[in-house]
Protein chains: 2
Amino acid sequence: MAPTSVPELGRRAQAASRILATASGAVKDTALRLGADLLEQHTADILEANGHDVDGAASLGATATEIDRLRLSDARIGAMADGLRQVAALADPVGAVVDGSVRPNGLSVQRVRVPLGVIGIIYENRPNVTSDAAGLCLKAGNATMLRGSSSALASNIAVVACLRQAAGKAGLPEDVVVLVEDTGRPAAVEFMRLEGVIDCLIPRGGASLLATVKQEATVPCIIDGDGNCHVYVDAAADLDMALAIVVNAKTQRPGVCNAAESLLVHRAVADAFLPRAARALEGVELVGDDRARALVPGMTVASDEDFATEFLALTLSVAVVDGLDEAIDHIARYGSGHSEAIVTTDLAAADRFCREVDAGAVVVNASTRFVDGAELGLGAEVGISTQKLHARGPMGLEALTCTKYVVRGDGQVRG
Amino acid sequence: MAPTSVPELGRRAQAASRILATASGAVKDTALRLGADLLEQHTADILEANGHDVDGAASLGATATEIDRLRLSDARIGAMADGLRQVAALADPVGAVVDGSVRPNGLSVQRVRVPLGVIGIIYENRPNVTSDAAGLCLKAGNATMLRGSSSALASNIAVVACLRQAAGKAGLPEDVVVLVEDTGRPAAVEFMRLEGVIDCLIPRGGASLLATVKQEATVPCIIDGDGNCHVYVDAAADLDMALAIVVNAKTQRPGVCNAAESLLVHRAVADAFLPRAARALEGVELVGDDRARALVPGMTVASDEDFATEFLALTLSVAVVDGLDEAIDHIARYGSGHSEAIVTTDLAAADRFCREVDAGAVVVNASTRFVDGAELGLGAEVGISTQKLHARGPMGLEALTCTKYVVRGDGQVRG
C-alpha cells in the first residue's frame with residue numbers, strides 16, 4: 001500500500017490540532033504518560049523494528065557513528081519514556097496570560113499564550129527524536145508532523161504507533177502525531193512547502209539538512225543552527241578558572257553545538273595562560289594565529305576558515321587579542337550567534353561583553369556547555385535557536401507556542 | 001553617480017547597528033526628537049522633492065489613490081514629526097528582563113530584551129512610512145534599511161536626510177538609517193536576500209509586494225498579511241449592539257485590514273437581524289449564501305471565493321449558520337487569522353469563540369476596528385502580523401526586539 005500522501009497527512013494533523021489546542025493539561029499529560037507506558041510495553045517490538053533499520057543501514061555502508069545514532073536499546077527506550085514523563089510533569093504553557101490592560105474606553109485586552117497549531121519536525125536518523133519532539137509539541141498543544149530519515153523508518157513507525165495509541169486512549173485524536181512514511185526527497189520538499197498547514201517547521205539534524213530547509217522551505221522555520229562558540233580569557237581573568245572553563249567547554253562533549261570551538265586570550269595573559277592551556281588540552285588539535293603560535297610550539301596556523309568553523313571535534317582555534325574590543329570584534333566576525341563566554345574578574349569587562357556580544361547566550365565565568373534548556377531551567381529543550389525571530393537560544397515549551405489577543409468589550413465601536 | 005550598492009549599504013547599517021544596540025534610551029530619544037524638528041524645518045525641501053515625485057507618478061499614469069498615498073503636505077509632514085515624538089515618549093523596550101532564575105549550581109540566568117540588529121523595510125509609495133518605520137526601529141535599537149518605491153524616491157531621500165542628520169547630531173552613526181536608492185527589481189531581490197545582514201524584513205504594502213517577498217526573500221520576515229475578518233452575530237446577541245458593531249466594522253474605514261469582510265448570523269436571529277442590517281448597511285454591496293439571500297431581497301450570490309476575499313471595499317459577504325460550531329468552522333476555513341469578532345450575551349459562547357478561533361485577535365462585543373496597536377495600548381504599531389512565529393496581531397516595539405540569555409557564574413563547569 002502506498003504511504004498516505006503528505007497533504008492528506010497534513011489535513012489530518014491540522015484537524016487534530018484544532019481539538020488538541022483546547023484540550024486540558026490533564027488530558028495532554030495523560031496522553032504523555034500513556035505514551036511512556038506503551039513505549040516500555042512495546043520495547044520488544046520497537047527493538048525488532050530498530051534491528052531491521054540497523055541491518056539495513058549497515059548493509060548500505062552506514063558509519064559507526066550513524067549506526068550508533070540509529071540504534072535503540074532497552075535503556076534508550078526507557079530514556080524516551082522517562083522523557084515523556086518529565087514533559088508531562090512540566091507546567092502547561094497554554095493559557096498563560098502574557099500581559100493585559102483595560103483601555104480608557106473600557107475594552108479589556110489580554111495577550112494569551114496559545115499553541116502554534118501543526119509543527120513539522122524533519123530529522124535524521126535518531127529515533128529518539130520521534131518521541132522527544134512529539135511529546136514536547138503535544139504538551140504545548142500542537143499536532144506534530146514527523147518526517148524522519150529512511151534509515152529509521154521502521155523504528156519511527158513503531159514509536160509513532162505507541163504515541164498515537166496513547167493519544168487515542170487519552171481521548172485525543174490519534175492524528176495529533178502523524179508520520180510521513182514516504183522518505184523520498186520529493187515528499188520531503190512537499191512537506192517543507194505545506195503552507196497553510198504547517199505553522200512551524202523545525203529541522204533537527206546536520207548542516208546539509210539545514211541547507212536544504214533554508215533552500216526549499218516556504219513554511220515558517222526555526223533553525224537550530226551552528227555553534228561556533230568562543231571563550232575569551234580577559235586580562236583580568238582568574239587563570240585557574242579560565243583553564244577549567246576552557247577544558248570543560250572544549251572537551252567535555254566536543255560533538256555538541258555548545259562546545260567551544262575557539263579560544264581568545266588577552267595578550268597581557270597570553271604568556272602565562274596559553275602554554276598551560278596547551279598542556280591541559282593535550283589531545284586537542286590547536287590551530288592559531290601568529291601570536292598564539294609563538295607561545296605554543298607545534299601549533300599549526302589557523303586560516304580564516306578555521307576561525308569560522310564549528311569543528312564538533314577535538315580541534316580548537318586560538319587567537320591572541322589586544323583587548324576586549326578586539327575580542328568582541330572577532331566574535332562579531334566569526335561567531336554564529338550561539339554561546340559566547342568571557343572569563344574575567346573585571347565587572348566592567350563582563351558587563352560590556354554581555355551587552356555588546358550579539359548571541360543567543362552570553363556567559364560570564366562559566367562553561368559554554370551550560371547553554372542548554374535543562375541547564376538553564378527550561379525543563380526540556382526543543383533545540384537551540386541561532387536565529388533571532390520568535391525564539392533565540394535554548395528553546396523550551398514556550399518556543400512551541402504563540403500568543404493571541406483576546407479583546408472583550410460591551411458594544412464599543414470606533415469613532 | 002551610481003547609487004551605493006545594496007551590500008555596501010548593508011555593511012554600513014550593520015556596523016551602525018552594533019553601536020546603536022547599546023545606545024542609551026536618552027540618546028535614541030534625542031535622535032527621534034531632533035528628527036521631528038528637522039522634518040518640520042525642512043518641510044519646504046521635502047515638499048519640493050515630493051512635488052517631483054507626484055509629477056513623475058502622474059505622468060506615468062498613477063491612479064488618484066496612488067497619488068494620494070504619495071502626496072505629502074504640511075499637515076502630513078507635521079504628523080510624521082509628531083509620530084517620531086510619540087515614539088520618543090514610549091518606554092525603551094531594550095534591556096527589560098523578561099525572566100530569570102538562579103540555578104541549583106549557582107548560575108544566574110536572565111533573559112534580556114535586545115534589539116534585532118538590522119531591520120529591512122520594503123514598502124510602496126507612502127513616504128510617511130519612511131519616518132514611521134525608521135523611528136520605531138531606532139527606538140528599539142535597530143538600524144533600518146529602507147527600500148521604497150521608485151515613485152517616492154525623491155521624497156524618501158529628503159526624509160531620510162533629516163533622520164540621518166538627526167542621528168548624527170545625537171551622537172549616533174548616520175548609518176542607523178540607510179535608504180536603498182536603486183529602485184530596480186534586481187536591487188530589491190538582492191535586498192531581500194541579504195542574509196547575515198538583515199535580521200528581519202518587514203514588507204509594508206499590497207498583495208503583490210507580499211507575494212514577491214514570500215517568493216524571493218531568504219532573510220527572516222514578518223508578514224503583515226490580509227485581514228479577512230468576520231463578525232459573528234450569535235443567537236444570544238444584543239441585536240442593537242450587533243448592528244452598531246457590524247456597521248462600524250464594515251464601513252468606518254473599509255480599506256484597512258481590520259475592517260470586517262464577512263458577516264455570519266445565527267439562524268435563530270437571522271430573520272430579525274439580517275433585514276435590519278441590510279438597511280443599516282445601505283451602500284454596501286452584500287453577497288450571501290442561500291439562507292441570507294432568502295431574507296434580503298436583491299442580495300447577490302456569494303461564491304466560495306467571495307467568502308475567502310478581503311474586499312477592502314464596501315462589500316460584505318454574508319452567511320447564515322446553524323450555530324457557534326458552524327461559525328467557528330467557517331472562520332477556520334475562510335479566515336486569514338487576523339481579527340474575528342463575536343457578538344453575544346452568552347458567556348459560554350464568548351469563551352468558546354475566544355478559545356477555539358485561531359487568529360491574531362479575537363474580539364467579544366466590540367468592533368474589529370479596535371485591533372490596532374494604538375487602540376490596544378501598544379503606543380505605536382509596526383503593522384499587524386498574521387503569522388504565528390515571533391509576533392502575532394498588532395506589533396509594537398517589542399516585535400522589533402529579541403532576547404538574549406545572560407548567564408553569570410563563578411567558575412562553573414559541567415560534570
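This is a predicted model: local features need pLDDT of at least 70, side-chain atom pairs count only at pLDDT 80 or more; totals for chains, interfaces and linings use all residues.
Two strands pair if DSSP finds at least two bridges between them.

Begin with chain A. Select residues 6-225 together with 394-406 for domain 1, then residues 229-375 for domain 2. The C-alpha centres of these two domains of chain A are 35 Å apart. Their contact draws 4 residues from domain 1 of chain A and 4 residues from domain 2 of chain A. On the domain 1 side, the residues touching domain 2 of chain A comprise 2 nonpolar and 2 polar residues, with no charged ones.

Next, select helix α10 of chain A, residues 239-251. Within α10(A), the buried residues are M241(A), A242(A), I245(A), V246(A), N248(A), A249(A) and K250(A).

Now display both chains. Here 54 residues of chain B contact 54 residues of chain A. On chain B, select α10 (239-251), α15 (347-356), β13 (361-366) and β16 (401-412): each of them supplies at least two residues of the side that touches chain A. The largest share, 11 residues, belongs to β16(B). By class, this side of chain B has 25 nonpolar, 16 polar and 13 charged residues.

Finally, select strand β16 of chain A, residues 401-412, along with β13(B). The two strands run parallel and are joined by 5 bridges. Centre the view on Q412(A), which stands opposite A366(B) in β13(B).

Conventions. Residues are numbered from 1 along each chain as its sequence is written. Chains are lettered from A and ligands numbered from 1 in the order in which they are written. Domain bounds come from an automatic or database domain assignment. Two residues are in contact if their C-beta atoms, placed from the backbone, lie within 7 Å. Ala, Val, Leu, Ile, Met, Phe, Trp, Tyr, Cys and Pro count as nonpolar, Asp, Glu, Lys and Arg as charged, and the others, Gly among them, as polar. Helices (H or I, at least four residues) and strands (E, at least two) are DSSP runs, numbered from the N terminus. The expected span of a helix is 1.5 Å times one less than its number of residues. A residue is buried if 20 or more other C-beta atoms lie within 10 Å of its own, exposed if 12 or fewer, and partly exposed in between; C-beta atoms are placed from the backbone.
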